[in-house]
Amino acid sequence: MDHIETERKFLVKDDSYKAAATERHRMTQGYICREPGRTVRVRISDGRAWLTIKGAGSDSGMSRYEWEKEIPAGEAVQLMELCQDGTVDKTRFIVPFEGHIFEVDEFYGDNEGLTVAEIELDNETEPFSRPEWLGEEVTGDRRYYNSMLSRHPYSRW
């Protein structure tokens, strides 16, 4: 099974994406491991939970190995106790736009004021339309990785 994830990441100019959102989910996530080229994440959202392992990214920062499995929420709460310092708290908005889905994350806590959008693609050259609210591309900028935001929050930049 292919576990390569290809996505691009952008800053968001304003909150007009909210009017087009079809879903929203509050999420808390922590990191058991956040070494360069390897992260192990625990995420809890809406009473459900996942364990995710991500590998090293491509040179462009668009593609990397990802393995994810849903786990019982109670076990995720226990695993959060094993996480390194720093968690990420955010609301994810699901925003369909011209045949693609944007996931827009509005952060809280030490990352308050940061909003980023990601689009998952079939490959690194797949074309897509850009909504008006989509800002500067930050794909491959490690500062915007959630694992980095848990260690070096936006408020401390």
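Reply: Strands β2 (23-35), β3 (38-45) and β4 (48-57) and helix α2 (146-151) each contribute at least two residues to the lining of the second largest pocket. Here helices (H or I, at least four residues) and strands (E, at least two) are DSSP runs, numbered from the N terminus. The model is a predicted one, in which local features need pLDDT of at least 70 and side-chain atom pairs count only at pLDDT 80 or more, while totals for chains, interfaces and linings use all residues. Residues are numbered from 1 along each chain as its sequence is written, and side-chain values use heavy atoms, with hydrogens and water left out.

A pocket is an open set of points on a 1 Å grid over the protein atoms alone where a 1.4 Å probe fits, with protein on both sides within 12 Å along at least five of seven lines; lining residues have an atom within 4 Å of a point. The second largest pocket holds about 200 Å³ of space, a volume being the space filled by probe spheres set on the points, which are joined across faces, edges and corners. Its lining has 16 residues, and those nearest the centre are Glu35, Pro36, Gly37, Arg142 and Tyr145. The greatest share comes from β4, which supplies four residues. By kind, the lining comprises seven charged, five polar and four nonpolar residues. In this scheme Asp, Glu, Lys and Arg are charged, Ala, Val, Leu, Ile, Met, Phe, Trp, Tyr, Cys and Pro are nonpolar, and the others, Gly among them, are polar.

What is the state of Lys54, buried or exposed? Its relative accessibility is 10%, so Lys54 counts as buried (buried is under 20% relative accessible area, exposed over 50%, partly exposed in between, with a 1.4 Å probe and protein chains only). The side chain of Lys54 forms a polar contact of 3.2 Å with the side chain of Glu66. Such a contact is a pair of N or O atoms within 3.5 Å, where within protein one must be able to donate a hydrogen and the other to accept it, and residues adjacent in sequence count only if both atoms are side-chain atoms. Leaving aside residues up to four places away in sequence, Lys54 touches Glu5, Gly37, Arg38, Thr39, Arg41, Arg64, Tyr65 and Glu66, where contact means heavy atoms within 4.5 Å.

Ala73, in helix α1 (residues 73-80), is 27 residues from Asp46 in sequence, with a C-alpha to C-alpha distance of 9.6 Å. Ala73 touches Gly47 and Ala49, not counting residues up to four places away in sequence, and is partly exposed, with a relative accessible area of 26%.

A polar atom of the Asn111 side chain lies 3.4 Å from the backbone oxygen of Leu149. Asn111 is in the loop between β7 and β8, and its relative accessibility is 2%, so Asn111 counts as buried. Asn111 and Ser155 are 44 residues apart in sequence, yet 5.7 Å apart in space from C-alpha to C-alpha.

Strand β7 (residues 100-107) and β8 run antiparallel and are joined by five bridges; two strands pair if DSSP finds at least two bridges between them. In β8, Ala117 stands opposite Val104, and Ile119 is the bridge partner of Phe102. Strand β1 (residues 4-12) is also antiparallel to β8, with six bridges, and Phe10 has Ala117 as its bridge partner there. Six of the seven residues of β8 (residues 115-121) are buried, so this strand is largely enclosed by the rest of the structure.
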